[in-house]
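Here's a quick briefing to read with the model open beside you. Have a look at the fold, then go through the points below.

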Amino acid sequence: ASETVSVGSCIVFDRFRDMIVAWYKARPDTRHFYEQCRRLLMYYNATANYERRNKGIYGHFFNKNSLHMLCDEPDILRDKGISKANLMGNNLKGTYPSIPVKNYGNSLMVTYLEASVYGEDPDKGITNYYTIRSIGLLREMIYWSPDPRKNFDDVDAFRMLMIYRESLLKYEIREQTRAKDALNDPFWDRHKRQAMLRKDPRIISSSDFGKKRAIGDIRRRLSS
């Protein structure tokens with residue numbers, strides 16, 4: 001934490017292992033910092049959630065034909081009712097760090113840090129705290145304060161990351177449920193049954209199979 005000019009901070013997260021894999025923190029020329037972040041995203045094939053009040057990011061990525069590397073505002077913020085932005089133009093990308101958004105991001109950070117490390121036995125008590133190798137981020141989390149005069153750049157970047165992670169997780173669960181419901185729609189059973197009947201009229205649905213066989217047996221017995 002400091003009361004000086006803030007520095008740039010970029011954190012890369014591996015969602016397969018659920019852990020941070022890269023950091024970039026510097027105070028270079030602004031355009032140089034944005035370009036290094038863009039190249040970092042290219043290297044990891046990643047997309048970024050950024051603080052939307054930093055206007056220069058959108059312009060740099062726009063000029064580099066790289067807006068696809070910036071995420072749209074996470075859906076979960078609208079679901080929570082803590083985003084009231086007019087999502088047009090550059091407001092479509094990133095997240096505005098309002099007080100409700102920061103509070104929500106802080107709660108997500110605590111939940112993540114206290115969770116067990118991916119692939120480890122929860123009984124061992126090894127939490128995600130142990131996967132943080134950035135001394136700067138750990139120090140900022142220890143001394144974090146809501147005082148607006150102080151800069152906690154790594155915490156700010158980590159907060160944006162956790163919001164994006166949570167939104168992607170919820171979105172994927174929602175899409176999986178939607179896909180499952182679509183595949184289980186009765187339409188497919190009707191379509192398959194009709195196709196089978198056109199191919200072989202003797203084929204009937206499984207629900208009617210028992211009745212049809214019983215009727216056939218009765219007819220054979222009566223005719224014998």
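Is E166 buried or exposed, going by its relative accessibility? At 14% relative accessibility, E166 counts as buried (buried means under 20% relative accessible area, exposed over 50%, and partly exposed in between, with a 1.4 Å probe and protein chains only). Keep in mind that this is a predicted model, where local features need pLDDT of at least 70, side-chain atom pairs count only at pLDDT 80 or more, and totals for chains, interfaces and linings use all residues. Residues are numbered from 1 along each chain as its sequence is written, and side-chain values use heavy atoms, with hydrogens and water left out.

**The overall picture**
- The protein chain has eight helices and two strands, taken as DSSP runs numbered from the N terminus (H or I for helices, at least four residues; E for strands, at least two).
- Going along the sequence, the order is β-β-α-α-α-α-α-α-α-α.
- The chain has 224 residues, and 34% of them count as buried.
- Take the contacts with a separation of 6 or more: 52% of them come from residues 24 or more positions apart. Contact here means heavy atoms within 4.5 Å.

**Around E166**
- E166 sits in helix α6.
- If you set aside neighbours within four places in sequence, E166 is in contact with I76, Y104 and L108.

**How α1 and α2 pack**
- Two packed helices are described by the angle between their axes and the distance between the axes.
- Helix α1 (residues 30-44) packs against helix α2 (residues 55-63) at an angle of about 60°, and their axes are 10 Å apart. The axes are lines fitted to C-alpha atoms, for helices over the stretch in contact, and the angles run from 0 to 180 degrees between N-to-C directions.
- That makes α1 oblique to α2; angles under 35 degrees count as roughly parallel, over 145 as roughly antiparallel, 65 to 115 as roughly perpendicular, and the rest as oblique.
- On the α1 side the contact is made by R31, Y34, E35, R38 and L41, and on the α2 side by G56, I57, H60 and F61.
- Sorted by type, the residues of this contact are four nonpolar, two polar and three charged. Ala, Val, Leu, Ile, Met, Phe, Trp, Tyr, Cys and Pro count as nonpolar, Asp, Glu, Lys and Arg as charged, and the others, Gly among them, as polar.

**Salt bridges**
- The structure holds 15 salt bridges, each being a side-chain nitrogen of Lys or Arg within 4 Å of a carboxyl oxygen of Asp or Glu.
- R165 pairs with D18, with the closest N and O atoms 2.9 Å apart. R165 is in helix α6 (residues 153-183) and D18 is in the loop between β1 (8-14) and β2 (19-26), so this bridge ties together parts 147 residues apart in sequence. D18 counts as buried, at 19% relative accessibility.
- K25 pairs with E140, and here the closest N and O atoms are 3.1 Å apart. K25 belongs to strand β2 and E140 to helix α5 (residues 135-142), so the pair links parts 115 residues apart in sequence. K25 is partly exposed at 40%, whereas E140 is buried at 5% relative accessibility.
- R39 and E35 form a salt bridge with their closest N and O atoms 2.9 Å apart. Being four residues apart in helix α1, R39 and E35 are separated by about one helical turn. R39 is partly exposed at 49%, while E35 is buried at 9%.
- Salt bridges with shared partners also join R52, E73, D75 and R78 into one network.
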